[in-house]
Amino acid sequence: CSNCKTHLATIHSMISTGYNGRHGRAFLFDVVQVPEGELSDLLMTTGRHIMRDIYCCGCGTKMGWKYDKAYELTQKYKEGKYLLERNLLVVTRPWKL
């Protein structure tokens with residue numbers, strides 16, 4: 001987390017760097033250690049999803065969201081995955097982004 005420097009995920013759980021979030025570029029992860037908010041049903045550019053906001057476990061900053069359900073067959077791979085906003089993260093090990 002860029003606010004409190006809590007570790008939320010590792011490079012090994014990253015699936016993709018090719019996503020956009022509310023604040024710009026975002027990363028898709030398989031495993032993230034964060035509290036989850038309430039479910040919401042949203043229509044996004046990739047279709048309708050049931051998702052929930054996710055928060056930093058250290059300071060409570062909203063970090064992105066979790067995909068709970070995708071209605072489009074082409075988007076089913078996102079179910080159970082986490083999207084973290086790049087601008088809200090601190091990269092502690094240099095990766096090629």
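I take buried to mean under 20% relative accessible area, exposed over 50%, and partly exposed in between, using a 1.4 Å probe and protein chains only. With that settled, here are my notes.

**Ground rules**

I am working with a predicted model, where local features need pLDDT of at least 70, side-chain atom pairs count only at pLDDT 80 or more, and totals for chains, interfaces and linings use all residues. Residues are numbered from 1 along each chain as its sequence is written, and side-chain values use heavy atoms, with hydrogens and water left out.

**Entry 1: the overall fold**

I began with the secondary structure. Helices (H or I, at least four residues) and strands (E, at least two) are DSSP runs, numbered from the N terminus. Along the principal axes, the C-alpha atoms fill a box of roughly 35 × 30 × 20 Å.

**Entry 2: burial, contacts and charge**

I then looked at the chain totals. Of the 97 residues, 36% are buried. The accessible surface comes to about 5,800 Å², and 51% of that belongs to carbon and sulfur atoms. These areas come from the Shrake-Rupley method with a 1.4 Å probe; for residues, only the protein chains shown count as cover.

Contact means heavy atoms within 4.5 Å. Among contacts between residues at least 6 apart in sequence, 45% join residues at least 24 apart.

For charge, I counted Lys and Arg as positive and Asp and Glu as negative, leaving out His and the chain ends. Each charge is placed at NZ of Lys, CZ of Arg, CG of Asp or CD of Glu. The chain has 14 positive and 9 negative side chains, with the centres of the two sets 8 Å apart.

**Entry 3: the cysteines**

How many disulfides does the structure hold? I found zero, with a disulfide taken as a pair of cysteine sulfur atoms within 2.5 Å. The closest cysteine sulfur to that of Cys1 is in Cys59, 3.7 Å away, which is too far for a bond. For Cys4 the closest is in Cys56, at 3.5 Å, again too far for a bond.

Cys1 is buried at 5% relative accessibility, whereas Cys4 is partly exposed at 30%. Cys4 sits in the segment before β1. Not counting residues up to four places away in sequence, Cys4 touches Cys56, Gly58 and Cys59. I also checked Cys4 against Lys76: they are 72 residues apart in sequence and 33 Å apart in space, C-alpha to C-alpha.

**Entry 4: Lys5**

Lys5 is in the segment before β1 (14-21) and is exposed, at 51% relative accessibility. I noted its phi, near 70 degrees, a positive value in a residue other than glycine. Most residues other than glycine have a negative phi.

Leu39 lies in strand β3 (residues 36-44). Leaving aside neighbours within four places in sequence, Leu39 contacts Ile50, Met51, Arg52 and Asp68. Its C-alpha is 17 Å from that of Thr61, 22 residues away along the chain.

Tyr71 is in the loop between β5 (62-70) and β6 (82-85), and I have it as partly exposed at 33%. With the neighbours within four places left aside, Tyr71 is in contact with Asp41, Arg48, His49 and Ile50.

**Entry 5: Tyr55**

Where is Tyr55 placed? I found Tyr55 in strand β4 (residues 47-55), partly exposed at 26%. Beyond four places in sequence, Tyr55 touches Val34, Pro35, Gly37, Gly60, Thr61, Lys62 and Met63. Tyr55 and Glu36 are 19 residues apart in sequence and 6.4 Å apart in space, C-alpha to C-alpha.
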